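Dear colleague,

Please find below the structure that I am handing over to you. My notes on it follow directly after the entry.

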Number of protein chains: 2
Amino acid sequence: MVATPSKPEVGNLSAFGPARSTIVGTPLSPAELHQVDAYWRAANYLAVGMIYLRENPLLRQPLHIDQIKDRLLGHWGASPGIAFVYTHMNRIIKKFDQEMLYMVGPGHGAPGFLGPCYLEGSYSEFYPNCSLDEVGMRQFFKQFSFPGGVGSHCTPETPGSIHEGGELGYSISHAYGAAFDNPNLIVVTLAGDGEAETGPLATSWHSNKFINPIRDGAVLPILHLNGYKINNPTVLARVSHEELEALFRGYGYTPYFVEGSDPETMHQAMAATMDHCLTEIHRIQAEARSTGNVTRPRWPMIVLRTPKGWTCPAYVDGKKIEGFWRAHQVPMGGMKSNPDHLRILETWMRSYKPEELFDEQGKPTPGVMAAAPTGDKRLGSTPYANGGHLRRDLRLPDFRDAKYALSLEKPGTITAMNTKPLGIFLRDVMACNMTNFRVFGPDENTSNKLDAIYEVSKKFWIAEYFPEDADGGELATDGRVMEYLSEHTLEGWLEGYLLTGRHGFFSTYEAFVHVIDSMFNQHAKWLDICHEIDWRQSISSLNLLITSTVWRQDHNGFTHQDPGFLDVVVNKSSRVTRIYLPPDVNSLLSCANHCLKSKDYVNVIVSDKQMHLQYMTMDDAIRHCTKGLGIWDWASNDQGSEPDVVMVGCGDIPTQEALAATDLLRQEFTDLKIRFINVVDLFRLQPDTEHPHGLSDHDFDSLFTLNQPVIFNFHGYPWLIHRLAYRRHNHNNMHVRGYKEEGNINTPMELAIANNIDRFTLAMDVINRVPKLKVAGAHAKEKFLNMQIDCRNYAYEHGVDIPKVVDWRWPY
Amino acid sequence: MVATPSKPEVGNLSAFGPARSTIVGTPLSPAELHQVDAYWRAANYLAVGMIYLRENPLLRQPLHIDQIKDRLLGHWGASPGIAFVYTHMNRIIKKFDQEMLYMVGPGHGAPGFLGPCYLEGSYSEFYPNCSLDEVGMRQFFKQFSFPGGVGSHCTPETPGSIHEGGELGYSISHAYGAAFDNPNLIVVTLAGDGEAETGPLATSWHSNKFINPIRDGAVLPILHLNGYKINNPTVLARVSHEELEALFRGYGYTPYFVEGSDPETMHQAMAATMDHCLTEIHRIQAEARSTGNVTRPRWPMIVLRTPKGWTCPAYVDGKKIEGFWRAHQVPMGGMKSNPDHLRILETWMRSYKPEELFDEQGKPTPGVMAAAPTGDKRLGSTPYANGGHLRRDLRLPDFRDAKYALSLEKPGTITAMNTKPLGIFLRDVMACNMTNFRVFGPDENTSNKLDAIYEVSKKFWIAEYFPEDADGGELATDGRVMEYLSEHTLEGWLEGYLLTGRHGFFSTYEAFVHVIDSMFNQHAKWLDICHEIDWRQSISSLNLLITSTVWRQDHNGFTHQDPGFLDVVVNKSSRVTRIYLPPDVNSLLSCANHCLKSKDYVNVIVSDKQMHLQYMTMDDAIRHCTKGLGIWDWASNDQGSEPDVVMVGCGDIPTQEALAATDLLRQEFTDLKIRFINVVDLFRLQPDTEHPHGLSDHDFDSLFTLNQPVIFNFHGYPWLIHRLAYRRHNHNNMHVRGYKEEGNINTPMELAIANNIDRFTLAMDVINRVPKLKVAGAHAKEKFLNMQIDCRNYAYEHGVDIPKVVDWRWPY
């Protein structure tokens with residue numbers, strides 16, 4: 001006789017008791033029920049073991065205090081629920097021969113994932129020391145949250161994980177990114193109810209409006225109403241069923257509730273619900289795939305309410321543990337001072353009946369192991385979670401082709417939109433890679449002049465269409481350009497897409513890329529750790545184009561001016577960070593092509609989208625970008641001798657202004673020897689001991705001299721250059737200009753002047769720093785100052801800059 | 001005869017046509033309708049004028065091309081909707097004599113706010129040049145998005161604004177922050193449908209679970225379904241009524257729809273709906289306030305669907321404009337090249353009938369002005385939007401009191417939790433300020449050891465209660481501690497609370513404070529601009545305690561280790577940024593007391609919550625914190641003479657390790673003269689020309705010497721110190737240690753060793769850098785290295801550090 005779950009009662013928010021579920025049924029035979037429950041008990045046993053034990057893993061002897069870890073670390077609270085879902089996914093994988101990937105949202109949830117992953121044998125294959133026997137289990141326990149061991153999150157060391165979850169909020173967006181273009185994959189995501197309070201998670205539920213049921217896989221989100229955060233109830237666990245159901249219907253899902261604590265009825269309810277959801281997903285996909293009709297389906301999702309710390313002691317020392325916030329981390333400590341606690345622990349662990357679950361050698365019994373799938377279908381072994389296995393190189397058109405490259409007779413003579421040809425190149429990259437490449441942006445691909453891409457693939461849109469969308473809307477249900485006004489969601493999608501072996505390109509607004517500072521940090525840390533894990537295969541780099549840059553935000557004002565993302569990037573490991581500031585069309589193409597081919601980096605490209613002067617032929621650009629920085633001979637007159645001053649431009653506008661300053665100076669002082677350097681690859685400035693792209697001191701000195709003044713005009717905050725170059729011999733002579741938080745409503749030139757990166761200020765800087773101009777330069781300095789004042793006056797009068805601020809005389 | 005709106009039809013997503021609304025009614029008499037419509041037309045006229053015109057503001061002559069601005073900037077798309085809501089708020093303010101504040105979420109929405117603000121006379125009072133006549137209107141038009149003028153957002157220069165909105169996502173959380181503890185205030189927030197896609201906004205709808213209807217005011221959110229972002233439809237404008245209604249019911253609101261484009265019926269529908277919502281809010285408040293019963297009410301909210309660019313030309317050059325994304329910015333340009341466009345503009349502007357709206361002098365007619373309230377009730381003049389007017393100083397207990405201060409016989413002899421006494425101090429601050437002070441944290445105030453505060457005020461909670469909450473839940477419906485697992489929402493609440501004249505304290509996890517990098521940037525920019533606006537009164541500083549710091553994240557692992565927020569902070573203006581790293585209890589109390597009294601800053605305090613050595617008596621701490629940095633004589637043996645080396649600690653753990661290194665060295669080398677400096681106020685390191693807290697070169701040199709080696713042990717990324725000090729004379733001898741992205745699962749000492757901030761590395765650094773130890777130090781160096789290896793071995797074996805890593809011999 002199998003117990004039957006019941007329909008949920010509105011207003012009853014208790015996580016305890018027999019299962020209550022939207023889908024009522026008892027699909028599990030007694031034998032299946034026993035098997036599923038045994039696997040789950042074994043997983044829970046392992047989770048407790050890894051938190052507490054360093055010896056006696058199978059409890060073959062009575063538990064002794066010396067066998068307890070000195071430092072009790074790890075989070076038990078969410079683990080049983082995580083393992084519960086893993087166990088039921090196993091059943092589904094076997095039943096439907098389904099490809100699945102599991103994303104664990106709750107923080108510190110590793111014990112709930114590692115247990116089942118070990119039981120199925122995956123873990124031992126990656127880590128032979130943690131073999132399926134007593135010795136291996138002992139090691140498996142000891143290493144958890146132990147120095148030199150593994151962490152309490154699903155870190156990169158965790159087989160089957162592409163989502164670390166140390167920072168909360170990204171489980172759903174990662175899941176959708178993994179599902180894009182993987183039509184056979186279903187990603188089950190467990191979103192914690194604490195995590196569900198974060199902003200990034202709250203908007204990411206809308207990702208269901210970006211799934212095409214024909215070409216994409218599916219995501220089955222499970223909201224885990226575990227009830228508590230560290231010390232507090234969660235909001236979603238304390239609102240009515242009616243509100244919860246409305247919320248997820250409002251997000252476009254059909255929610256199914258599974259609630260309770262009684263294992264037997266909970267297994268039946270979960271199995272019935274998972275069967276129903278899988279059948280529903282398959283029906284949606286089959287319908288779309290057989291008819292070719294793409295309309296937005298109402299995908300299923302599950303609300304799983306279980307007690308926090310499910311199956312741990314209900315009370316310890318008279319304090320409520322199970323189903324309360326006290327079960328969040330280690331539910332009970334103080335073994336050394338309180339022998340009762342040791343006994344409680346032993347009783348708790350024995351309640352899972354380890355003797356039924358593991359054989360004499362400590363290996364899970366055949367009955368337990370049979371609950372798991374085999375081979376690559378195992379959640380710990382799926383290649384989807386080690387995306388480099390699935391990754392194929394992009395097919396790249398030749399970026400030097402005349403379709404993209406700008407032809408140029410002489411440097412500094414024509415202007416062009418720097419990002420426009422990149423859009424054409426990306427269009428053709430897209431055309432060559434229509435199943436494994438996507439472009440992402442928060443409503444800005446047209447604004448960023450990358451719109452050529454729509455010629456081969458439009459913006460994905462599956463919500464309602466209006467007739468006027470045909471008139472320049474560029475929307476399509478098979479579009480591969482992903483636009484949504486949430487940088488968090490886009491970044492999450494892209495990370496999920498890359499981590500499962502595909503390629504992408506993300507362009508975004510410079511000031512607002514700070515919105516995803518923290519996501520960048522976390523992804524960079526993931527990549528950094530992966531360098532140390534042999535079995536992790538290389539994945540494509542995360543390519544981030546930062547545009548709508550500070551120097552063209554004169555009219556949008558102060559809040560749109562922030563080039564500080566680079567300061568965040570340089571804090572991360574030199575193994576994974578790359579920054580490029582190409583000043584013109586051809587250098588941007590060269591950089592982008594390089595980045596699209598690279599692996600395991602975060603590549604940040606800074607390039608404005610508006611009209612800019614063009615400096616390099618494609619041949620020059622390739623040569624220059626390969627070196628990363630170099631002297632522009634055509635703009636220099638030191639002819640290889642020691643210059644009087646080194647003028648440096650880094651970034652499009654700063655380079656233009658530095659060149660204009662050089663021009664002003666050369667008109668005034670015909671015997672002044674100026675060396676002009678442009679920097680594309682920012683990390684060239686660091687010593688080669690600090691970054692693989694760093695220049696040797698010898699090379700640096702030969703470019704920047706040992707003791708001549710260097711005027712460095714930089715795109716970002718000026719002190720970043722000092723930070724990179726402070727150990728260089730000539731550092732004390734480096735005078736850096738850049739953005740210094742001076743801006744309101746300006747013209748472009750006025751904004752440059754306010755921050756002292758303008759040609760006049762730079763020219764005056766040179767006069768101030770070159771000894772031989774100290775007296776001779778006084779007149780010119782006054783002249784430059786007057787020119788600057790004239791510029792400002794004109795701008796205040798007309799609202800625009802003087803059409804040609806000063807005549808541009810390049811090239812000489 | 002007044003037209004009647006109709007009930008909304010499910011499935012009809014068009015923004016055009018006669019009004020369809022949930023609340024049907026025609027509350028406006030023909031005269032009232034005419035008045036409301038006239039005000040709105042006048043506002044729309046002004047919005048167009050400020051985008052296009054530099055002359056001829058009243059169209060007294062036919063429009064001539066020379067009267068058009070050279071550069072057309074500004075965003076028309078959301079403006080009519082913004083002005084529509086402003087106009088209807090005016091009616092409500094007058095009808096109910098209601099205190100109101102208006103928060104404009106849609107980006108670049110200033111034209112829609114500035115127009116009504118000018119009409120009511122507020123703008124002219126703040127800016128006499130923009131008088132209520134033709135000359136003033138001309139200036140009002142010209143200055144918009146014009147160099148030296150005002151921006152296209154509701155910037156700090158905008159009377160009536162506390163929400164700039166340049167970065168999207170924070171309108172709702174700002175609104176709730178403003179409503180807390182302002183029982184007579186209703187904040188109407190217009191959330192753009194583009195903004196609604198952001199994560200921060202998506203979770204901030206749940207703020208309704210944090211409003212107490214007795215002591216707090218109310219927020220009436222209006223979702224503006226304007227239909228489009230820059231180039232794309234918005235998701236929420238393209239989902240069914242059924243889903244939208246469910247979504248907002250799920251968020252806990254009762255949604256009311258107002259949809260359409262026909263002005264007459266839209267005015268009636270909006271008036272009927274606003275009347276209904278206000279009555280509902282008043283009923284909820286009256287009920288709670290008369291009974292004292294606090295249960296979570298279902299607050300009203302409005303979904304307002306209108307055409308993007310409402311009332312602009314429907315088509316230009318055959319392209320759809322009104323109700324399409326083309327209306328987002330300037331709906332039509334090219335006046336110079338296309339005389340037709342000039343005529344279209346003139347026809348468009350005249351469609352508002354300016355001759356009916358403004359008198360001969362250009363002043364709004366009495367009929368128009370009568371639609372607005374008067375005095376401080378005007379939305380542009382409300383003191384709630386200039387919070388310094390309402391701000392009263394905190395009543396602060398004496399932080400030197402024995403209740404808080406730690407008494408100490410000798411430095412470095414005892415340990416204590418640094419944040420625990422701060423919690424007691426905050427408890428008493430709270431007790432003295434129970435209507436204008438709140439404490440904020442993402443589920444971490446207990447974890448951060450600030451839990452003493454619950455003795456006087458618990459965590460606010462108004463969702464469901466369970467019996468077990470009484471057992472350590474610390475929840476209350478009148479709690480003043482705000483905990484929600486969204487740093488975005490907390491930061492938004494706090495900003496809204498401060499900007500309306502109150503005080504607050506926010507503690508959060510160091511690694512995850514990066515989640516709000518961008519919000520910090522925007523608030524810092526707001527404060528910076530306010531320094532230049534005479535009429536903006538000073539508000540309380542934003543006090544941010546960064547805890548759970550990197551050096552105690554050994555067990556949580558790599559993702560929890562990120563001290564980079566400081567690098568973001570130092571990019572912002574020195575007028576508003578302050579950073580403190582107090583190393584012990586008393587210095588933390590001293591810093592916190594100082595910060596709570598300060599105005600117009602963002603104060604960042606870095607302090608870990610665990611057990612730390614104590615160094616300073618309260619008297620010493622006050623002296624030390626006032627100086628910001630200084631020599632610790634008790635730890636130095638240079639007795640005022642030139643030292644052989646300067647050892648610097650900045651931050652709790654780095655100071656401890658630097659002291660331990662000093663101890664190791666003094667045992668080995670009795671004639672080595674070490675000067676020990678501790679830095680609390682980070683900006684002291686910058687030159688006084690760069691930051692008001694900066695030390696003069698003379699003072700810096702006297703502390704750090706001109707040419708002796710300086711070993712600087714820093715809490716954060718080491719290069720930040722170089723960035724601050726690169727212009728100092730002795731910079732080339734500064735050797736900085738700090739976090740360098742080396743970490744996984746470690747012990748605390750192992751983590752310190754991995755990043756070279758440990759005592760052994762520092763001691764070896766000194767030997768390497770002090771010439772006289774070059775030979776003499778070889779043996780000691782080997783000894784220190786062996787001690788370091790012993791530490792690591794012990795940690796790997798036992799999972800914990802050697803109980804006392806080395807004997808602590810302080811004080812000498």
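Among contacts in chain A between residues at least 6 apart in sequence, what percentage join residues at least 24 apart? The answer is 77%, where a contact requires that the C-beta atoms of two residues, placed from the backbone, lie within 7 Å.

This is a predicted model, in which local features need pLDDT of at least 70 and side-chain atom pairs count only at pLDDT 80 or more, while totals for chains, interfaces and linings use all residues. Residues are numbered from 1 along each chain as its sequence is written, and chains are lettered from A and ligands numbered from 1 in the order in which they are written.

Chain A as a whole

Chain A contains 25 helices and 23 strands; these are DSSP runs numbered from the N terminus, helices being H or I of at least four residues and strands E of at least two. Of its 812 residues, 65% are buried. Here a residue is buried if 20 or more other C-beta atoms lie within 10 Å of its own, exposed if 12 or fewer, and partly exposed in between, with C-beta atoms placed from the backbone. The C-alpha atoms of chain A occupy a box of roughly 100 × 65 × 45 Å along the principal axes.

The two copies

Helix 10 of chain B

Helix 10 (residues 339–350) of chain B has 12 residues. Its buried residues are B:Leu342, B:Ile344, B:Leu345 and B:Met349. Seen down the helix axis, these fall within an arc of 160° and so line one face of helix 10, the arc being that of the directions from the axis to the C-beta atoms. They pack against helix 1 (30–52) and strand 7 (315–316) of chain B. The face turned away from the buried side carries the exposed residues B:Pro339, B:Asp340 and B:Thr347.

With kind regards

Methods
The expected span of a helix is 1.5 Å times one less than its number of residues.
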